Amino acid sequence: MKFMDPTPNFIKRVLAGRLITSKAVKQAVERQQHDLTRTDWRWVWNPELAGKAVKFMEMLPEPKTGKVQPLAPFQKFIIGVLYGWVDKYDPTIRRFTDAFISMARKNGKSLLISGVVLYEFLFGK
């Protein structure tokens, strides 16, 4: 199964100014855009892995309603960046192993983090 890269749409919208974000989010987006052009280091972007993680989390039901809840673009960006960067010599080694996610109440933090925990439980090493 082919998985699509979940990050380009969010990156384009933030850099074009169509999405208003915090300084930290804009810097993360700029870093991602810059890192995609780098060839002088050990990390490579694997859109398949990023898309696989996002697709998995979009299959999870929302606990209160039991209905599947698609991820918001910013959530896709977070998950995509966490799971899309891997070592070019050993794709089981991820660039990011820790994340600090700060957002207001009722923005899907719990669902996002529970998705990460479940994904790691099933597919992590």
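Me: Buried means under 20% relative accessible area, exposed over 50%, and partly exposed in between (1.4 Å probe, protein chains only). How does R42 count?

Reply: This is a predicted model, where local features need pLDDT of at least 70, side-chain atom pairs count only at pLDDT 80 or more, and totals for chains, interfaces and linings use all residues. Residues are numbered from 1 along each chain as its sequence is written, and side-chain values use heavy atoms, leaving out hydrogens and water. The relative accessibility of R42 is 39%, so R42 counts as partly exposed.

Me: How many residues apart are D87 and R42?

Reply: D87 and R42 form a salt bridge, with the closest N and O atoms 2.6 Å apart. A salt bridge is a side-chain nitrogen of Lys or Arg within 4 Å of a carboxyl oxygen of Asp or Glu. D87 sits in strand β2, while R42 is in the loop between α2 and β1 (43–45). Helices (H or I, at least four residues) and strands (E, at least two) are DSSP runs numbered from the N terminus, and this pair links distant parts of the chain, 45 residues apart.

Me: Is D87 buried or exposed?

Reply: Relative accessibility for D87 is 6%. That is under 20%, so D87 counts as buried.

Me: How many salt bridges does the rule give?

Reply: Side chains of opposite charge can pair when their charged atoms come close. By this rule the count comes to six salt bridges.

Me: Which residue forms a salt bridge with E48?

Reply: The partner lies in the segment before α1, 46 residues from E48, which is in helix α3 (residues 47–59). At 28% relative accessibility, E48 is partly exposed. The closest N and O atoms are 3.9 Å apart, and the partner is K2.

Me: Which residue meets the side chain of D35 in a salt bridge?

Reply: D35 lies in helix α2 (residues 23–37). The partner is in the loop between β2 (85–87) and α5 (109–123), 60 residues apart from D35. Both residues are buried. The N to O distance is 2.8 Å, and the partner is R95.

Me: What is the relative accessible area of D35, and which side chain does D35 join in a polar contact of 3.5 Å?

Reply: D35 is buried, with a relative accessible area of 4%. A polar contact is a pair of N or O atoms within 3.5 Å; within protein, one must be able to donate a hydrogen and the other to accept it, and residues adjacent in sequence count only if both atoms are side-chain atoms. The 3.5 Å contact runs from the side chain of D35 to that of H34.

Me: What does W41 touch, not counting residues up to four places away in sequence?

Reply: W41 is in the loop between α2 and β1. Its relative accessibility is 14%, so W41 counts as buried. The side chain of W41 reaches the backbone oxygen of W43 at 3.5 Å. By contact (heavy atoms within 4.5 Å), W41 touches D35, W85, K88 and R95.

Me: At roughly what angle do the axes of α1 and α4 cross?

Reply: Axes are lines fitted to C-alpha atoms, for helices over the stretch in contact, and angles run from 0 to 180 degrees between N-to-C directions. Helix α1 (residues 8–15) meets helix α4 (residues 73–84) through F10, I11 and R13 on one side and P73, F74 and F77 on the other. The axes come within 9 Å and cross at roughly 115 degrees.
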